[in-house]
Amino acid sequence: MENINTSEIPVAVVGLGLMGCSITTCLLIAGHPVVALAPISADLNHAESRINKHFERSFANGIVQNSPEHYLQNLTITEDYADLKNCKIVLECTIENIDVKASVFGKIEPHLAEDALLTSNTSAIPITQLQALTGRPERFFGLHWAEPSHTTRFLEIICGDQSNVELGEYLYQLSHQWAKEPILVRKDIPGFITNRLMYAMYREAFHLVENGYATIEDVDRSCRNNAGYFMTLVGVFRWMDLTGVKAYHTVMKNLFPTLHNGTEVPKLIDEIVKRDGNGVSNANGFYDYSDEEAEMWEKTFTEFTYKIRELALQYPSDIVKQKMNKADVDD
Ligand SMILES: NC(=O)c1ccc[n+]([C@@H]2O[C@H](COP(=O)([O-])OP(=O)(O)OC[C@H]3O[C@@H](n4cnc5c(N)ncnc54)[C@H](O)[C@@H]3O)[C@@H](O)[C@H]2O)c1
């Protein structure tokens with residue numbers, strides 16, 4: 001994989017919420033000069049301290065070897081869109097609302113350099129639809145991150161119908177330096193890859209609970225202890241290879257026709273949202289939480305993201321190739 005000098009590629013993150021701050025941290029760790037732009041002034045109240053916290057934890061967990069100050073000298077926090085003028089990649093990371101994203105693109109574009117790429121961290125708005133709102137759709141891509149972006153190795157790079165796939169390939173190359181194992185989605189599809197897989201599972205999970213086959217706890221235990229055990233090492237196809245393809249072939253014939261294929265949003269989640277539930281963030285979700293418990297779940301989740309990263313790093317996608325090469329050298 002070709003090494004690209006990130007220190008010569010200034011980038012910008014527009015929108016400094018939950019994800020904008022962790023993406024900023026990831027890009028600083030990778031060596032980019034980063035302009036972090038607050039589209040609403042409220043972001044300025046928390047952005048710097050959140051990014052600082054990410055660096056403190058990253059230092060404590062050995063993700064970075066230098067103190068936070070070393071990385072933060074490459075960071076400019078601003079509200080001025082004119083500061084984007086030298087940036088080669090601009091990453092939009094505002095709320096999942098197409099009107100807000102369109103208005104933010106309109107503010108970014110007058111300041112974009114000719115050769116800059118514009119990207120969006122949208123979870124589900126089709127890239128083809130978003131790029132049509134911009135002046136240079138061939139230079140527009142989805143960059144779909146997973147929170148917390150400075151510890152996860154997931155990244156989808158999504159081409160819309162008008163994107164220049166070669167530029168998508170460039171982002172694919174570059175993102176290896178962001179410590180990612182990226183996925184290049186060459187053709188736009190709703191939900192991209194990861195959400196299509198995950199939502200197929202969510203739909204079946206609701207079906208099982210709503211129809212009394214299992215409790216929420218049972219479904220979660222099943223996810224954690226079956227798929228959850230192996231998926232950091234292998235995906236579904238390698239898993240079938242490892243455990244015997246023929247058995248899956250047999251089961252598919254009988255099981256596929258019974259899987260739920262409803263199109264309605266499940267009642268169970270509808271009721272939670274109607275009572276303003278948002279899960280751990282407001283101690284109101286599928287499970288009951290006291291405020292202390294909700295806070296402890298957040299802390300435990302953060303701790304886990306660093307631990308699982310350590311394990312995942314020991315098992316990159318080319319682990320077997322690496323072991324074979326080592327065995328050849330040792331022989
Ligand atoms: N949270 C996740 O795990 C996750 C994962 C993948 C993708 N995403 C996507 O990333 C994007 C940002 O998500 P987040 O979780 O960081 O959200 P967030 O609510 O934490 O941050 C949203 C940011 O949007 C901006 N914003 C809010 N109202 C605005 C307005 N009226 N005009 C301009 N800017 C405004 C602000 O900068 C705010 O900080 C969304 O598109 C989301 O779907 C989130």
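This report describes the fold, the sheet, the core, the ligand shell and some individual residues of a predicted model.

## Basis of the model

The model is predicted: local features need pLDDT of at least 70, side-chain atom pairs count only at pLDDT 80 or more, and totals for chains, interfaces and linings use all residues. Residue numbers start from 1 along each chain as its sequence is written.

## Overall fold

The protein has 14 helices and eight strands. Helices (H or I, at least four residues) and strands (E, at least two) are DSSP runs, numbered from the N terminus. Along the principal axes, the C-alpha atoms fill a box of roughly 65 × 60 × 45 Å.

Of the 331 residues, 27% count as buried. A residue is buried if 20 or more other C-beta atoms lie within 10 Å of its own, exposed if 12 or fewer, and partly exposed in between, with C-beta atoms placed from the backbone. Two residues are in contact if their C-beta atoms, placed in that way, lie within 7 Å. Among contacts between residues at least 6 apart in sequence, 64% join residues at least 24 apart.

## The sheet

Eight strands form an open sheet with mixed pairing, in the order E3-E2-E1-E4-E5-E6-E7-E8. Its edge strands are E3 (75–78) and E8 (183–185), each of which pairs on one side only. From one strand to the next the twist averages 20 degrees; axes are lines fitted to C-alpha atoms, for helices over the stretch in contact, and angles run from 0 to 180 degrees between N-to-C directions. Two strands count as paired if DSSP finds at least two bridges between them. Strands of a sheet pair through backbone hydrogen bonds, either parallel or antiparallel.

Strand E6 (residues 140–145) shows both senses of pairing. With strand E5 (residues 117–120), E6 runs parallel and is joined by three bridges. With strand E7 (residues 155–159), E6 pairs in the antiparallel sense over five bridges. Gly142 in E6 stands opposite Ser120 and also opposite Ile158 in E7, while Leu143 stands opposite Ile157 in E7.

E6 is largely enclosed by the rest of the structure, because six of its six residues are buried. Both faces are covered: Phe140, Gly142 and His144 lie on one side, and Phe141, Leu143 and Trp145 on the other.

## The nonpolar core

The largest nonpolar core has 54 residues, of which Ala12, Val13, Val90 and Leu91 touch the most other members. Such a core is a set of buried Ala, Val, Leu, Ile, Met, Phe, Trp, Tyr and Cys residues joined through C-beta atoms within 7 Å. Helix H1 (residues 18–29) gives the most to this core, with seven residues. Not counting residues up to four places away in sequence, Val13 touches Gly20, Ile23, Thr24, Val34, Ala36, Leu37, Leu91 and Cys93.

## The ligand shell

There are 21 residues around the ligand, and Gly17, Leu18, Met19, Thr94 and Ser123 come nearest. A residue is near a molecule or strand if its C-beta atom, placed from the backbone, lies within 6 Å of it. H1, helix H4 (98–108) and E6 each supply at least two residues of the shell. H1 gives the most, with three residues.

Glu138 is found in the loop between helix H5 (127–131) and E6. Glu138 counts as partly exposed because it has 16 C-beta neighbours inside 10 Å. Leaving aside neighbours within four places in sequence, Glu138 is in contact with Gln162, Ser163 and Asn164. The C-alpha atoms of Glu138 and Glu96, 42 residues apart along the chain, are separated by 22 Å.

Glu210 is found in helix H7 (residues 194–210) and is partly exposed, with 14 other C-beta atoms within 10 Å. Beyond its neighbours within four places in sequence, Glu210 is in contact with Pro266, Lys267 and Leu268. Glu210 and Asn66 are 144 residues apart in sequence and 50 Å apart in space, C-alpha to C-alpha. Helix H12 (residues 267–274) lies largely in the open, because the number buried among its eight residues is zero. Just after H12, Asp276 takes a positive phi of about 70 degrees.
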